[in-house]
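This briefing is meant to be read with the sequence and the coordinates open alongside.

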Number of protein chains: 2
Amino acid sequence: MIAVFKKYITEKVTLTEQEWTLIQSVCIERKLRKQQYLLQEGDVWHYNAFITKGCLRRYRIDDKGVEHILQFSVENWWAGDRDSLINGTPSKYSIDAIEDSVVILIRKEDFDMLVNRIPEFRNLVNIILEKSLIASQERIHDAISLTAEEKYLGFVERYPGLSNRVPRRMLASYLGVTPETLSRVRQVVMKK
Amino acid sequence: MIAVFKKYITEKVTLTEQEWTLIQSVCIERKLRKQQYLLQEGDVWHYNAFITKGCLRRYRIDDKGVEHILQFSVENWWAGDRDSLINGTPSKYSIDAIEDSVVILIRKEDFDMLVNRIPEFRNLVNIILEKSLIASQERIHDAISLTAEEKYLGFVERYPGLSNRVPRRMLASYLGVTPETLSRVRQVVMKK
DNA sequence: AAATAGCCTTGATATTTGTCAAGAATCATT
DNA sequence: AATGATTCTTGACAAATATCAAGGCTATTT
């Protein structure tokens, strides 16, 4: 499964063979069964996680016990809790697998080492950060501006395929509406 | 006003005198009258902007002509449109001054040069990026999870002072509610 | 200080979304 | 294939928020 990661990396940057060997040497592959936790609320997060297979979600649970999903991560994307990682604080989030998944973990110290030793890797990481931030801004815009229907259609357009892959109640949670509302929205959309 | 920027920088990282001189040499100071644009929708953004005085807002206007504010930036914070800056695409946002303001502009090429020549500066920029991303995640959570009242109280708590500094209709726009709703929410909160 | 314009609030009403409950459909396990 | 458990949908109703309209307040300009 590390081949997926290698493909991802080498498509984005050109590395020497030694550099890739160095990266590979700090990669930890971990399988996750559906429903299994990668991170539980309250624990401190020490890794960067790259998904080579499957789908994960990061979410929080409010006072009333309702889940709110901040992120879905599928193959070729990253997961984790930056806040906990950087500040060393207990995580407010939980991360678990929506499908049987495989992730590659790189410990924070190792990741920092890679960033310092491989300039191309640093660039890549920076670009990912920038893209994440731009995407977050877009999501904030949608959250404060759009109706439930617009949010749903926007999601389907932005992440084609994913809307059929995640359970509806989770999609509803991600969009910030109830499952019932999403169900009705979909019904209306179908008729058009 | 550049003294404000120097103070900001030197409080965060230690620089040699030459390094600061280099930074200063690419700083462009610009005054903005209240209401004046720093960036207009459709234009390409080429800078990083640091606010030394005043308050700016970044916003979008939807099909119905309604403004949606993505960000307020006050003294000692940054403004700009990363998306346009990085991708060279026309901006979806406008940025203008809520108060008479002073900003320091650094052209993209110059900024990249600083990042490459001054390792400490690169670190600083990275930390800012990380913090911005963490804050964005927090805002997404609030947007999809909280009621209007909770959003308002959260804002007041997170940005004390700012809620009295920006016009209420703009605060409402930032929170994703109408001015009328914010007005009513505040009325309820006052009584408690 | 007067005039003007924009902003904020308040009320009445409409719309959207949430809540609760029940039945149907789907999925996982045996 | 049968069972049970979860998820999804649908309906009736409740609550939250938006819309529209009017009046009062505030600030800016003259």
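The points below are grouped by topic.

The structure is a predicted model, and every value quoted here should be read as computed from that model. Chain B can be superposed on chain A by a rotation of 180° with 0.0 Å of shift along the axis, at an RMSD of 0.0 Å. That is the relation of a two-fold axis, and the same surface serves both copies, since 100% of the contact residues of chain B recur in chain A.

**Nonpolar cores**

- The largest nonpolar core holds 20 residues, and the members that touch the most others are Phe5(B), Tyr8(B), Ile9(B), Ile23(B), Ile106(B) and Phe121(B).
- Two or more residues of this core come from each of helix 1 (2-12), helix 2 (17-25), strand 8 (101-107), helix 4 (108-117) and helix 5 (119-145) of chain B.
- A second, separate core has 19 residues, including Trp78(A), Ile106(A), Ile118(A) and Leu124(A).
- As background, nonpolar side chains in soluble globular proteins tend to be buried together.

**Tyr8(B) in its surroundings**

- Tyr8(B) belongs to helix 1 of chain B, and because its relative accessible area is 5%, under the 20% limit, it counts as buried.
- When residues up to four places away in sequence are left out, the contacts of Tyr8(B) are Phe50(B), Asn76(B), Trp78(B), Leu124(B) and Ile128(B).

**Gln137(A) and its contacts with chain B**

- Gln137(A) lies in helix 5 (residues 119-145) of chain A, and with a relative accessible area of 13% it is buried.
- Setting aside residues up to four places away in sequence, Gln137(A) touches Arg58(B), Leu70(B), Tyr93(B) and Ser136(B).

- Of the atoms of DNA strand D that come within 4 Å of the protein, 65% belong to sugar and phosphate.
- At least two residues of this surface are supplied by each of helix 7 (168-175) and helix 8 (179-190) of chain A and helix 8 (179-190) of chain B, and helix 8 of chain A gives the most, with five residues.
- Sorted by class, the surface near DNA strand D comprises three nonpolar, six polar and seven charged residues.

- DNA strand C has 17 residues around it, and Thr181(A), Arg184(A), Arg168(B), Arg169(B) and Gln187(B) come nearest.
- Sugar and phosphate make up 67% of the atoms of DNA strand C that come within 4 Å of the protein.
- Phosphate oxygens of DNA strand C are found 3.4 Å from a side-chain N or O atom of Lys34(A) and 3.2 Å from one of Thr178(A).
- A base nitrogen of DNA strand C lies 3.2 Å from a polar side-chain atom of Glu180(A).
- Helix 8 of chain A, together with helix 7 (168-175) and helix 8 of chain B, are the elements giving two or more residues to this surface, and the largest share, five residues, comes from helix 8 of chain B.
- Its make-up by class is three nonpolar, six polar and eight charged residues.

**Loop residues with positive phi**

- Gln35(B), which is not a glycine, has a positive phi of about 85°; this residue sits in the loop between strand 1 (28-32) and strand 2 (37-39) of chain B and is exposed, with a relative accessible area of 62%.
- Asn76(B), likewise a residue other than glycine, has a positive phi near 70°; its place is in the loop between strand 5 (67-74) and strand 6 (77-79) of chain B, and at 34% relative accessibility it counts as partly exposed.
- Asn76(B) is also one of the residues that Tyr8(B) touches.

Definitions and conventions: Residues are numbered from 1 along each chain as its sequence is written. Chains are lettered from A and ligands numbered from 1 in the order in which they are written. This is a predicted model: local features need pLDDT of at least 70, side-chain atom pairs count only at pLDDT 80 or more; totals for chains, interfaces and linings use all residues. Side-chain values use heavy atoms; hydrogens and water are left out. Copies are superposed by least squares on the C-alpha atoms of residues with pLDDT of at least 70 in both. Contact means heavy atoms within 4.5 Å. A nonpolar core is a set of buried Ala, Val, Leu, Ile, Met, Phe, Trp, Tyr and Cys residues joined through side-chain atoms within 4.5 Å. Buried means under 20% relative accessible area, exposed over 50%, partly exposed in between (1.4 Å probe, protein chains only). Helices (H or I, at least four residues) and strands (E, at least two) are DSSP runs, numbered from the N terminus. A residue is near a molecule or strand if one of its heavy atoms lies within 4 Å of it. Ala, Val, Leu, Ile, Met, Phe, Trp, Tyr, Cys and Pro count as nonpolar, Asp, Glu, Lys and Arg as charged, and the others, Gly among them, as polar. A polar contact is a pair of N or O atoms within 3.5 Å; within protein, one must be able to donate a hydrogen and the other to accept it, and residues adjacent in sequence count only if both atoms are side-chain atoms.
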